[in-house]
2 protein chains.
Amino acid sequence: MNVKRNFSAKREAIYEALASTKSHPTAEWVYNKLKPDIPDLSLGTVYRNLTVFKEGGLVKSVGVVNGQERFDADMSPHPHFICTSCCKVMDIPGGKLFFDMNAYDHILKEYGARVKSHSLTFYGICHECAEKKDE
Amino acid sequence: MNVKRNFSAKREAIYEALASTKSHPTAEWVYNKLKPDIPDLSLGTVYRNLTVFKEGGLVKSVGVVNGQERFDADMSPHPHFICTSCCKVMDIPGGKLFFDMNAYDHILKEYGARVKSHSLTFYGICHECAEKKDE
DNA sequence: TGGTAAATGATAATCATTATCAAGAAAACT
DNA sequence: AGTTTTCTTGATAATGATTATCATTTACCA
């Protein structure tokens, strides 16, 4: 029996690029990161594989920020902070402190809707941008 | 002194269209809703005014669903449920039950980031779509 | 009445994303 | 090893939502 390889070299590289950063990058960022090492990489391939990952539950979308979708390979439920000035996306670990998991049950009972996931996002001005304004 | 009108007739109509529905519509929806009554309305005007409203804090974005931005004239903080099957966006009133406002303070202390707003969104399958699948 | 600034319609441009399609690599099966 | 089938990719074109442009109109106020 042959060994079935699940990931092509490029698919693997795209996933690793995503998993190795906390910057919640765009497709373009992943492409530019890998392009020097993989000169024959195509932007379409990055988009295609990000879709594959999303559908396979390996990666999730943080939403569209400034017109570009942002991705996260950390599948554990956690909130994000998005700076509306510089568009940086930060993880907020320990999000369980702010969120009541009874919500899923409540929505099912009250609306008959089956919740599969949720996202909690904070918007504001990050530390760095706040300091810049003070200058 | 003349009465200063803050809203042009079209701006007013666009806001009213948004405020009169709970469907969290797209720009296109607003345009199609108003076009019969205001035949010389332009789609660009709808986009322009939605931007004006967002900047003025009269309207907020629910995010990009299926490639189109969805808007909400209800500025009170409340969670949303988005059906990943039909892309319907529902309000979930009473969201305070699920969310701890200490989060704002926590993020300021821990990250030096000043939170101005947040959004809590649930994803799943709505009641109607669940029934359709059973058929 | 005239002047300035805001708002708009029509249209073109932008730009992130998706579709297409032919070619290449891997796997499966003989 | 050869053959067939399926998966993956690069290059490129197409899509489609949103934004910019610009000439024109409208509101406002002296």
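The two copies meet through the same surface, because 100% of the interface residues of chain B are also interface residues in chain A. This is a predicted model, where local features need pLDDT of at least 70, side-chain atom pairs count only at pLDDT 80 or more, and totals for chains, interfaces and linings use all residues. Residues are numbered from 1 along each chain as its sequence is written, chains are lettered from A in the order in which they are written, and side-chain values use heavy atoms, with hydrogens and water left out.

Here's the A/B contact in numbers:

| Item | Value |
|---|---|
| Residues in contact (heavy atoms within 4.5 Å) | 32 from chain B, 32 from chain A |
| Buried area (accessible area lost by both parts together, 1.4 Å probe) | about 2600 Å², 65% on carbon and sulfur atoms |
| Salt bridges (Lys or Arg side-chain nitrogen within 4 Å of an Asp or Glu carboxyl oxygen) | 0 |

On chain B, strand S4 (89-91), helix H4 (102-111) and strand S5 (114-125) each supply at least two residues of the side touching chain A; these elements are DSSP runs (helices H or I, at least four residues; strands E, at least two). S5(B) gives the largest share, 12 residues. That side of chain B splits into 19 nonpolar, 9 polar and 4 charged residues, with Gly counted as polar.

S5 of chain A (residues 114-125) and S5(B) run antiparallel, joined by 11 bridges; strands pair if DSSP finds at least two bridges between them. For example, Gly124(A) has Val115(B) as its bridge partner.

Methods. Buried area = accessible area lost by both parts, 1.4 Å probe.
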